[in-house]
Structure formats: C-alpha cells, structure tokens
Amino acid sequence: MGGESYETRLKLAPPTETVGSAGEAVDMGQLAAEVMQWTPQQTVNHSAMYSAVSHLVPGGSLMSRGGGVVSSQLSPNTRDQLYHHQLAVNELLRHFWACFPILNPQLEEKAQRMSSCLRDYSEKLGAPSADSSLPDSQITSHLLSCIHTALHKYQIWQKRRTKT
C-alpha cells in the first residue's frame, strides 16, 4: 500500500448510464466523480443523488432479488397492515439502536427491554395468524431481517459483557 492514497487504491466499476426514477438519464460516472470529490461543505447534484438512492432502496433496480411482491399486487388491507408493521418495527428499532453504545445501567435496562419487545414482535410477525391477510414471510422477510440483526447485536454485546 505504501504511499498510495485511498482514492488511488479504490477501483470503481466502469461508469454506466442508467435511467433514473423520473425517466431521465443518469451519468453514473459523473455521479461517482461528484461523490468522490464531496466534502461536507459541498452538495451533490440533487436529482442525480435521488436517482442513485432510488436504485439502492429495496425494490430498486440494484436491490432486486427477483420474484418479489409488488405493492400494487397487494390488497389495500394487506398494504395497510404492512405499513403499520413497518412503522412499529422502525420505532422499536429506533429505540433499540439508541441504546448503543451501552454506557450506563439505564441504557442496559432499556436495551434489555427493547430486545425483549423485538423478540416478541418477531414471533408475532413470523407466526401466521388467522386474522392476518399478510401473505407468507416473503413480504415480512425484510422486517424480520432487521429485527434479527438487532437481536444478534444484543447477543454479541451480552457475550462481550460477560467476558469482562
């Protein structure tokens, strides 16, 4: 590595032109150049950044897993249920991640309570319910993945705490 700068060692894929969410062409090379030269005082072209982010979100062209359920294929009741589950999981995760780093007994207690709530919600979300119109776990897999990631982090923290 010697005297090479980080930018010299970084190898970018060849820039390609894609179509953004609004149908306009996005020069990925130009966007990459803007991002590489970005400093906290500068802003990146808004439309180009919006287009790039739209490709990176779940359901975007760069994040497609294939075979996913499209929102338009869901009934309004199912969409509403999914929306409320998403809000609930996001709120639980927001409170959970706010506990880290755990530096005092209050945060430790809150992290324990939130991990318990996440575990309970995970069971509720993963278990089929007679009154739920949510299809199989295909739709809820992202929510469950986020919950399991948080619970895994908590387990790692608990193991480290017991070792010290």
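Student: How many salt bridges does a search of the whole structure find?
Tutor: The search finds three salt bridges, where a salt bridge is a side-chain nitrogen of Lys or Arg within 4 Å of a carboxyl oxygen of Asp or Glu. Please keep in mind that this is a predicted model, in which local features need pLDDT of at least 70 and side-chain atom pairs count only at pLDDT 80 or more, while totals for chains, interfaces and linings use all residues. Residues are numbered from 1 along each chain as its sequence is written, and side-chain values use heavy atoms, with hydrogens and water left out.

Student: OK, which residue forms a salt bridge with R94?
Tutor: That partner is E91, and the closest N and O atoms of the two are 2.6 Å apart. Both E91 and R94 lie in helix 4, three residues apart, which is about one turn of the helix; helices here are DSSP runs of H or I with at least four residues, strands are runs of E with at least two, and both are numbered from the N terminus.

Student: Why does a spacing of three or four places matter in an α-helix?
Tutor: An α-helix has 3.6 residues a turn, so residues three or four places apart point the same way.

Student: And what does R113 meet in a salt bridge?
Tutor: The side chain of R113 meets that of E109, at 3.3 Å from N to O. These two residues are both in helix 5, four residues apart, again about one turn of the helix. E109 is partly exposed, with a relative accessible area of 48%, and R113 is partly exposed as well, at 41%; buried means under 20% relative accessible area, exposed means over 50%, and partly exposed is in between, using a 1.4 Å probe and protein chains only.

Student: Which pair links distant parts of the chain?
Tutor: E108 and R161 form a salt bridge whose closest N and O atoms are 2.2 Å apart. This pair links distant parts of the chain, since E108 is in helix 5 and R161 is in helix 6 (residues 137-163), 53 residues apart. E108 is partly exposed, with a relative accessible area of 28%, and R161 is also partly exposed, at 36%.

Student: Switching to helix 5 itself, how far apart are its end C-alpha atoms?
Tutor: They are 31 Å apart, which agrees with the 32 Å that the 22 residues of helix 5 (residues 105-126) should span at 1.5 Å a residue. The expected span is 1.5 Å times one less than the number of residues in the helix.

Student: Which residues of helix 5 are buried?
Tutor: They are A111, M114, S115, L118, Y121, S122 and L125. Seen down the axis of helix 5, these buried residues fall within an arc of 135°, so they line one face of the helix, the arc being that of the directions from the helix axis to the C-beta atoms. On the other side of helix 5, P105, Q106, E123 and K124 are exposed.

Student: What reaches the backbone nitrogen of Q106?
Tutor: At the start of helix 5, a side-chain oxygen of N104 comes to within 3.1 Å of that nitrogen.

Student: How wide is the arc that the buried residues of helix 4 cover?
Tutor: The buried residues of helix 4 are T78, Q81, L82, H85, V89, L92, L93 and F96. They cover an arc of only 95° around the axis, which puts them on the same side of helix 4.

Student: What about the loop between helix 4 and helix 5, which proline lies there?
Tutor: P101 lies in that loop, and the peptide bond from F100 to P101 is cis, with omega near -5°.

Student: What does K153 touch?
Tutor: Leaving aside residues up to four places away in sequence, K153 touches W97 and F100, where contact means heavy atoms within 4.5 Å. K153 is found in helix 6, and K153 and W97 are 56 residues apart in sequence but 9.6 Å apart in space, C-alpha to C-alpha.

Student: Last one: how many helices and strands are there in the protein?
Tutor: The secondary structure comes to six helices and two strands, and along the sequence they follow the pattern α-β-β-α-α-α-α-α. Of the 164 residues of the protein, 24% count as buried.

Note on methods:
A polar contact is a pair of N or O atoms within 3.5 Å; within protein, one must be able to donate a hydrogen and the other to accept it, and residues adjacent in sequence count only if both atoms are side-chain atoms.
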